[in-house]
Amino acid sequence: VSPGSCWPLQGPQGQVVIRLPARVHLTAVSVQHVYKEVSCSADVTSAPRDIAVFVSLCWALPGVDADGEETLLVTFTYEVEKEAIQTFPLKTAPFPRAFSYVKLLVKSNWGNPWYTCIYHVQVHGKRAKTESLESKQR
């Protein structure tokens, strides 16, 4: 992770929707920001603070999946004084339903009014089993 090479979100709030390569039963979410010591400005106020993670099968319409629902999985606070990579397990893990999309909603940052930086997001889980064509034809 290089300081300044992040997903910049305008202002102290914002969201990122990530399409997963397959449907996944999620178990945890990790978020990374740079340490204050390696920051270009020795400042980490652009780090996300309060975060909510939502999932969906398909965001064809903003915030609504094909079943007409968006599911809140977890809310957490990223602590800038702790490790750069922080993992937040789901209370129900693995989540019983598999999803294709994850939305990271940053509700606040650590004080930067102009932008919020997200350096790395990792979704943990188990790939959903897909039914083979052969078994569907039987």
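Author: Ser 30 is buried, with a relative accessible area of 2%, where buried means under 20% relative accessible area, exposed means over 50% and partly exposed lies in between, with a 1.4 Å probe and protein chains only. This is a predicted model, in which local features need pLDDT of at least 70 and side-chain atom pairs count only at pLDDT 80 or more, while totals for chains, interfaces and linings use all residues. Residues are numbered from 1 along each chain as its sequence is written, and side-chain values use heavy atoms, with hydrogens and water left out.

Ser 30 belongs to strand β2, which covers residues 14–32; strands (E, at least two residues) and helices (H or I, at least four) are DSSP runs, numbered from the N terminus. The side chain of Ser 30 makes a polar contact of 2.6 Å with the side chain of Thr 87 and another, of 2.7 Å, with the side chain of His 124. A polar contact is a pair of N or O atoms within 3.5 Å; within protein, one must be able to donate a hydrogen and the other to accept it, and residues adjacent in sequence count only if both atoms are side-chain atoms.

If residues up to four places away in sequence are set aside, Ser 30 touches Ile 85, Gln 86, Thr 87, His 120, Val 121, Gln 122 and His 124, a contact being heavy atoms within 4.5 Å.

Val 29 has Phe 88 as its bridge partner in β5 and stands opposite Val 123 in β8. Strand β2 has a further antiparallel pairing, over seven bridges, with strand β6 (residues 99–106), where Val 24 stands opposite Phe 99.

Seen against the whole chain, this strand is part of a set of one helix and eight strands, in the order β-β-β-β-β-β-β-β-α from the N terminus on. Buried residues, of which Ser 30 is one, make up 41% of the 138 residues. Among contacts between residues at least 6 apart in sequence, 80% join residues at least 24 apart.

Technical notes:
Pairing = 2+ DSSP bridges.
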